[in-house]
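This report is meant for a reader who has not seen the structure before.

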Amino acid sequence: MCIPFFDSWLHNQNVQADLRSAIQSVIDSGQYILGPAVERFEKHFAAYLGVQHCIGVNSGTSALHLALLAGGVGLGDEVITTPLTWISTAAAISLVGARPVFADIDPVSYTMDVEKVERAITRRTKALLPVHLYGQPADLDGCQRLAEQHGLLLIEDAAQAHGAWYGNRRAGTIGQMGCFSFYPSKNLGALGEGGAVVTDNDSLARRLRRLRNHGQDTHHVHLEPGFNARMEALQGAVLSAKLPYLEGWNTKRAVLAALYHELLVNTLGLTLPAKPLSDRSHVWHLFVIQVIKRDELQSALANHGVETRVHYPTPLHLQPAFSSLGYKEGDFPIAEGVTQHCLSLPLYPELTEADIRCIVSSLTNTLPTTTTVTAVQGSGMASAGCKRPFAHGEVGLSTRVTT
Ligand SMILES: *Cc1c(COP(=O)(O)O)cnc(C)c1O
């Protein structure tokens, strides 16, 4: 058995007719940057999320960077975020001249612990930047309460949570701005790089459109120094073609996650991700378990042909990029513990229930040795080589839902 962690080829193969006509329409349009294809996607994604404005940009990292700039975050400001996230979240804070201030996570949800956020607030705090890690919305009520009490901006990093619900609103639409990534392996992925900022605020939207396009509102009038952070027409067209499938893909992810839970609930030696609280939904961007001997389990699974990943091996306060902030090991023990024991199992809509059963049996066969003895396992992938479990041309897994 050979199961890759994610299979971009298969994922896009299943919607290739839609992708081909989307790409053809861009070729025929002659407009390759911004333009009608990007405007169409912005309109569709805003309608899907139930928000006024969507500003398409060239990556999730740009989305975060421009959102902080548009929010007026800059030199001398502090922005509170989580140490357990992808580098972009905190790098964007540094890139606008502000200081990332970390608050440890809640051990059950892995998202920012609002009590610890509260303790980290100072006179310099300008914004809160919660991350909806692994696909589950952070405690936005708690963040919103603190933001109102202290006059702070609330920006959501929703790069892993396309379509997740928080109460009766979608993740990304609760703070003043929400930031999305369309990196190919995200729940909604482009054929390359892409990102977006969403907001209900007209003047923030105007500023974001200006910042992504060299500070221009009108051609050749540069109101401020801006960036080239424009979304390409090709990605806009591809994302519009894939958006109708997102709900079905998220449902399939939830079904497979539930199967993992059902099959692994009584397995000793591992901690499963908690099911989401009743007021929010989890879109299972990642299915992350925790085990004592993580590295041994990872190589043993590789020997069985199951590819896994670690999200993330180092908490951001211990990254060299942030050494000047003066944090040290032990500052955020819960996040540090997760980085030592977390392991992301394959979970994406193209996997079958049989694949999940295979992964689970590899895992349960392996677990006794990896948790009780310091087994030395071979490293790397199975000696047989990890090849695609699917044949070229196999299609039909995806169901289109018109929204
Ligand atoms: C993917 C991701 C980003 C960055 O998005 P890119 O499109 O890769 O720049 C930011 N934050 C989180 C939490 C992410 O998972």
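Helix α4 gives the largest share of the shell around the ligand, namely 3 residues. The model is a predicted one, and the values below are computed from it.

**The ligand and its shell**

In total, 15 residues surround the ligand. The closest are Gly60, Thr61, Gln160, Ser181 and Lys186. By kind, the shell residues divide into 4 nonpolar, 9 polar and 2 charged.

How much of the accessible area of the ligand does the protein cover? On its own the ligand has 380 Å² of accessible area, and the protein covers 92% of this. The space that the ligand takes is the largest pocket. Two elements give two or more residues each to the shell: α4, which spans residues 60-70, and α5, which spans residues 87-95.

**A sheet of three strands**

Elsewhere in the description of the chain, there is an open sheet with 3 strands. Their order is β12-β13-β14, and the pairing is antiparallel. Strands β12 (270-271) and β14 (342-345) stand at the edges, and each has a single partner strand, so one side of each has no neighbour in the sheet. In general, the strands of a sheet pair through backbone hydrogen bonds, in a parallel or an antiparallel way.

The pairing of β12 with β13, a strand of residues 287-291, runs over 2 bridges and is antiparallel. Within this part of the sheet, Leu270 stands opposite Val291 of β13.

**Two points of backbone geometry**

Which two residues does a cis peptide bond join? They are His311 and Tyr312, and omega is about 15 degrees for this bond. Tyr312 lies in the loop that runs between α11 (294-303) and α12 (333-341).

The other point concerns His214. Its phi is near 60 degrees, which is a positive value in a residue other than glycine. His214 is found in a loop as well, between α8 (202-212) and β10 (216-218).

Methods:
Residues are numbered from 1 along each chain as its sequence is written. This is a predicted model: local features need pLDDT of at least 70, side-chain atom pairs count only at pLDDT 80 or more; totals for chains, interfaces and linings use all residues. Side-chain values use heavy atoms; hydrogens and water are left out. A residue is near a molecule or strand if one of its heavy atoms lies within 4 Å of it. Accessible areas come from the Shrake-Rupley method with a 1.4 Å probe; for residues, only the protein chains shown count as cover. On a 1 Å grid over the protein atoms alone, a cavity is a set of points where a 1.4 Å probe fits but cannot get out, and a pocket is an open set with protein on both sides within 12 Å along at least five of seven lines; lining residues have an atom within 4 Å of a point. A molecule sits in a cavity or pocket if more than half of its atoms lie within 2 Å of its grid points. Helices (H or I, at least four residues) and strands (E, at least two) are DSSP runs, numbered from the N terminus. Ala, Val, Leu, Ile, Met, Phe, Trp, Tyr, Cys and Pro count as nonpolar, Asp, Glu, Lys and Arg as charged, and the others, Gly among them, as polar. Two strands pair if DSSP finds at least two bridges between them.
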